[in-house]
Each structure stands twice: as C-alpha cells, then as structure tokens.
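This report looks at one helix and a handful of charged pairs. Please view the sequence and the model first.

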Amino acid sequence: MYILAIESSCDETAVAVVEDGRYVLSDAIASQIEMHTIYGGVVPEIASRKHVEAIYGLADRALQEAGITRAQIDAVAVTYGPGLIGALLVGVNFAKSAAYALGVPLIPVHHVRGHIAANYITYPELEPPFCCLCVSGGNSLIVDVRSYTEMELLGASRDDAAGECFDKVARVLGIGYPGGGPMDRLAQGGDNHKYPMPHAKVDGAPLDMSFSGLKTAALNLIHNSQQKGEALDRPSFAASFGRAVSDTLVPRTMLAAEQLGYGKVAVAGGVAANSRIRADLQAACEQRGYQVYLPELKLCGDNGAMIGCQGYYEYLAGTRGGWDLNAYANMDIGHPRLL
Ligand code: KG4
C-alpha cells in the first residue's frame with residue numbers, strides 16, 4: 001500500500017511516499033529555517049505562505065523519487081493538528097484536493113503520533129505497547145502508547161515545551177535558530193555542574209513538568225554576567241542547561257515506564273536528537289533492563305515519512321477524514337478530533 005504523506009504543521013513542508021507503513025520510498029523536505037532566522041523564531045503567516053509555495057513541487061518530487069505515479073497512490077495521509085493553524089490548513093487542503101482528485105481515502109494524522117511513529121521506521125521490530133517521551137518545539141509529553149492508535153497522555157509540560165526553552169535561551173546567547181542543535185554542540189566539552197539550574201516540580205502531578213522557571217533562570221544568568229562584565233563559560237552554561245532539561249525529562253519518563261511495566265521506552269520529536277537526553281535515557285533504561293528506542297537523527301525533526309507511517313496504522317484502524325476535514329491548533333493525543 002502506497003501512502004502519500006503530507007506534513008506542514010510548523011516551519012517544514014514535507015511530503016513522503018511510504019510503502020506498507022514502514023518502508024520510506026521518498027521523504028522530500030523544504031525547510032523554512034533561513035527565512036525565520038531573520039526574525040529569531042517562526043512567523044506563522046510567513047510559514048503558511050512558504051508552505052503554499054513549496055507543497056505542490058514537493059509532492060511531485062516525492063513521487064518522482066519514490067519511482068511511482070499518481071495513479072499508484074492508495075491513500076493520502078496528512079497532519080491535521082496540533083500546530084500552527086494557518087500552516088496546517090495548507091497541508092490539509094492540499095491533501096483533501098489530492099485525495100479527492102485521485103479518488104483515494106484521506107487519513108488525518110495527529111502530529112505527535114507521527115513523531116512517535118518515527119521509531120517504527122528506525123526499528124522495524126518495534127511494536128506497541130511502550131512508553132514514549134515526546135519532546136519537540138511545541139510539545140513535551142509522556143505518552144502511554146498502548147497500541148498503534150490507542151494512546152494516553154500521562155504527563156505534560158504546564159508551560160513552555162523543552163524545545164521552545166532551548167530556542168529561547170539560544171536566541172539570547174546569539175547562537176542561531178532553532179537553538180536546540182547549536183546548544184547541544186556548544187555543550188560538548190562543557191562542565192555540566194558549573195552553573196546550578198532550578199528543577200521545578202508540579203505539586204501532586206509527578207509526571208508533569210515545568211520549564212518556564214528554568215528558562216527564566218538561564219536567561220537571568222546570561223544577562224547578569226553581561227551586566228557584571230563577567231565572561232560566561234558558554235560551553236559549561238549550555239552543558240548545565242542541557243543537563244537540567246534532561247534531568248526534568250528522563251526521571252519522569254522512567255517513573256512512567258515503571259508504572260506501565262512494558263519494559264520498553266522510546267523518545268520522539270526534534271528534541272529527541274539531543275545527545276544528553278539520548279545518553280541519559282539509554283543509561284537509565286539499561287540500568288533497569290528496559291529496551292530503549294532512539295529514532296534516527298534525521299527522523300527526529302518534522303518529516304513526511306513519520307506521517308506516512310502513522311497514517312498506515314490509522315488507516316488499518318479505520319480512521320478516515322471527510323472532505324470537510326478541518327485543522328486544529330490543539331489536539332489531545334489520546335482522542336484526536338474526527339468528523
Ligand atoms: O519536532 P520538531 O522538528 O518541530 C516541532 O514539531 O516542534 O522540533 C523542533 C525543536 C526545536 O525547538 C529545536 O531547537 C529542537 O527541536 N532540537 C533540539 C535538537 N535538535 C533540534 N533540541 C535539543 N537538542 C538538539 N540536538
């Protein structure tokens with residue numbers, strides 16, 4: 001079964017062709033990072049317009065690289081939330097037109113469910129159930145993945161997402177946008193104990209997280225050192241910050257994994273590329289005898305392949321979108337909205 005998969009929830013337009021859920025035949029991506037770098041963050045209206053410009057050509061490219069024709073497409077999968085509403089609408093409308101014109105089913109896919117599915121591509125043997133830490137620019141979630149399409153949210157950030165935090169701190173450090181990758185590279189060789197960072201807990205909700213205090217403390221540290229004319233040890237600052245983020249995410253994930261008892265832990269989303277989080281999660285899982293799943297780096301960020309993969313399992317479960325399918329900025333991972 002060939003699925004044409006569309007992703008446009010943020011600042012990457014992506015179209016992929018995926019065969020039988022796990023075989024990626026093509027994964028064409030147009031990044032808008034260069035454009036948003038000028039403003040130090042994603043400008044939603046610009047993102048929508050750039051998606052409109054890129055999407056048609058990318059779909060043609062994805063088909064060409066996959067070596068199949070339009071007539072061979074069996075279904076069209078698309079991210080319909082959560083994300084930037086204008087950006088999502090571009091993908092949803094393109095997918096609806098394509099599915100209608102080709103006379104094939106339309107499959108709506110939850111963006112974070114797509115990130116989780118990146119693990120199925122990297123690990124062909126992986127099957128649910130497992131516990132998954134989902135960390136991206138807009139989401140920090142701990143999810144009980146009971147089956148390919150039955151999931152429950154166990155914990156979430158009450159304020160900023162982990163990726164957003166990396167991006168905001170990196171912007172003030174002046175090391176570029178998006179900041180997670182540059183912060184990760186800067187942290188290499190730094191002393192991660194040099195700068196004490198706060199670790200917030202949410203009263204009565206041990207699996208929930210809060211990053212805004214950490215972000216503010218890190219920004220204050222940068223500003224104070226500038227005001228006092230003191231040189232900030234940037235690698236050690238980045239390493240201390242990265243450790244604080246990981247120390248927030250990994251113990252909570254392990255607590256959830258212990259409660260679930262599946263013995264399998266995965267990570268997903270753009271922040272899953274972080275070397276400290278990957279190493280800490282791996283060590284924590286090895287210590288408990290759990291199997292750990294770390295998606296291939298190129299599949300951590302937004303891509304179309306993950307949407308095609310999750311779209312396949314949604315298709316098998318009977319999920320279909322109508323021609324009136326809408327996009328949603330917010331969406332529960334356990335109960336995506338369907339018409
Ligand atoms: O999943 P993604 O591509 O887009 C969303 O769905 O949000 O995630 C993007 C986020 C950005 O905040 C970026 O800074 C972060 O992932 N990121 C990282 C790393 N690489 C990307 N954060 C920490 N360490 C990294 N190596």
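Buried means under 20% relative accessible area, exposed means over 50%, and partly exposed lies in between, with a 1.4 Å probe and protein chains only. By that scale K298 counts as exposed, because its relative accessibility is 63%.

The model is predicted, so local features need pLDDT of at least 70 and side-chain atom pairs count only at pLDDT 80 or more, while totals for chains, interfaces and linings use all residues. Residues are numbered from 1 along each chain as its sequence is written, and side-chain values use heavy atoms, leaving out hydrogens and water.

**Helix α9**

Helices (H or I, at least four residues) and strands (E, at least two) are DSSP runs, numbered from the N terminus. Helix α9 covers residues 275-288, 14 residues in total. From first C-alpha to last, α9 reaches 20 Å, close to the 20 Å expected at 1.5 Å a residue. That expected span is 1.5 Å times one less than the number of residues.

Which residues of α9 are buried? They are I277, R278, D280, L281, A284 and C285. These buried residues pack against β6 (130-135), α8 (234-260), β9 (264-268) and β10 (291-293). Contact here means heavy atoms within 4.5 Å.

Both ends of α9 have a local feature. At the start of α9, a side-chain oxygen of N274 comes to within 3.1 Å of the backbone nitrogen of R276. Just after α9, G289 takes a positive phi of about 75 degrees.

**Salt bridges**

Side chains of opposite charge can pair when their charged atoms come close. A salt bridge is a side-chain nitrogen of Lys or Arg within 4 Å of a carboxyl oxygen of Asp or Glu. By this rule the count comes to 15 salt bridges. The table gives some of them.

| Pair | N to O distance |
|---|---|
| R70 and D60 | 3.3 Å |
| R146 and D144 | 3.1 Å |
| K298 and E296 | 3.6 Å |

Salt bridges with shared partners also join D144, R146 and E152 into one network.

How exposed are the partners? R70 is partly exposed because its relative accessibility is 44%. D60 is also partly exposed, with a relative accessible area of 34%. R146 counts as partly exposed at 40%, whereas D144 is buried at 4%. E296 is partly exposed, at 35% relative accessibility.

Conventions
A polar contact is a pair of N or O atoms within 3.5 Å; within protein, one must be able to donate a hydrogen and the other to accept it, and residues adjacent in sequence count only if both atoms are side-chain atoms.
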